[in-house]
Amino acid sequence: MKNKIFTLFIVSLLFGMTSCELFEVDNFPMPDAQVFGAIRDVEGGGLVETDLNSGSTIGTYELGGYENPELRSWKIMQNGEYRNNLVFSNTYKIEFTSCNFYPFTIDEVTIKPGENQLDFEVTPYIRVKNCKIVQEGDFVKASLLLIYYHY
């Protein structure tokens, strides 16, 4: 019984060592580009922050050479910046649909090998202006002078 188990172990070990050579499935190149940038307010250029639980996302479709491109999501950090270090250099369609600003689409963006900085200017749903925080004795008093809803 011990010989059968030992023989089975040796055979499976040998098969495991040679299986990668026999059945080479993944012969695709590694991602060769990095994309980073910020989501900025068209009025003033400040970062558009988000408080969404799952964060805002950038929807991308890789266009070059695919009949039915698949939607890939890139996460936007809460401070309004994003970074994706594992991107293939190609042509992409970019959609902003799950965000806290007015949605829009860019039909064609070319990502080249290496680092690519893409900053986007957007119109947020709400702008908060002229916030005032003052300490009066032991208390901190915050007042909001103007909330601007952009329609």
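**Notebook: surface, rings and salt bridges**

I started with the total surface: the protein exposes about 11400 Å², and carbon and sulfur atoms supply 56% of it. Accessible areas come from the Shrake-Rupley method with a 1.4 Å probe, and for residues only the protein chains shown count as cover.

I noted the ground rules next. This is a predicted model, where local features need pLDDT of at least 70, side-chain atom pairs count only at pLDDT 80 or more, and totals for chains, interfaces and linings use all residues. Residues are numbered from 1 along each chain as its sequence is written, and side-chain values use heavy atoms, with hydrogens and water left out.

**Confidence and fold**

I looked up pLDDT, the predictor's confidence in each residue, from 0 to 100. The mean for the protein is 83, and 83% of its residues reach 70 or more. Among the elements, α1 has the lowest mean pLDDT (68), and strand β7 (residues 114–117) has the highest (96).

I then listed the secondary structure, and found 1 helix and 10 strands. Helices (H or I, at least four residues) and strands (E, at least two) are DSSP runs, numbered from the N terminus. The order from the N terminus is α-β-β-β-β-β-β-β-β-β-β.

I checked contacts, meaning heavy atoms within 4.5 Å. Of those between residues at least 6 apart in sequence, 58% join residues at least 24 apart. Buried residues make up 26% of the 151 residues. Buried means under 20% relative accessible area, exposed over 50%, and partly exposed in between (1.4 Å probe, protein chains only).

I found a nonpolar surface patch of F6, F9 and I10, with about 310 Å² of accessible area together. Patches are made of residues with over 30% relative accessible area and no salt bridge; like charges are joined within 9 Å, nonpolar side chains (Val, Leu, Ile, Met, Phe, Trp, Tyr) within 5 Å. F6 sits in helix α1 (residues 2–22). F6 counts as exposed because its relative accessibility is 51%.

I moved on to I126, in strand β9 (residues 126–136). I126 has 46% relative accessibility, so I logged this residue as partly exposed.

**Aromatic rings**

I counted 7 aromatic pairs in the structure. Rings of Phe, Tyr and Trp (its six-membered ring) pair if their centres lie within 6.5 Å; planes under 30 degrees apart count as stacked, over 60 as edge-to-face and the rest as tilted. Ring pairs link Y82, F96, F101, F104 and F120 into a cluster.

**Salt bridges**

How many salt bridges does the structure hold? I got 3. The criterion is a side-chain nitrogen of Lys or Arg within 4 Å of a carboxyl oxygen of Asp or Glu.

E70 and R72 meet at 3.3 Å, N to O. E70 is exposed because its relative accessibility is 51%. R72 is at 49%, so R72 is partly exposed.

R83 pairs with E115, with the closest N and O atoms 3.5 Å apart. This pair links distant parts of the chain: R83 is in strand β4 (residues 81–87) and E115 in strand β7, 32 residues apart. R83 is partly exposed at 43%, and E115 is exposed at 57%.

K93 and E95 form a salt bridge, with the closest N and O atoms 3.7 Å apart. E95 is buried, at 18% relative accessible area. K93 is partly exposed at 26%.
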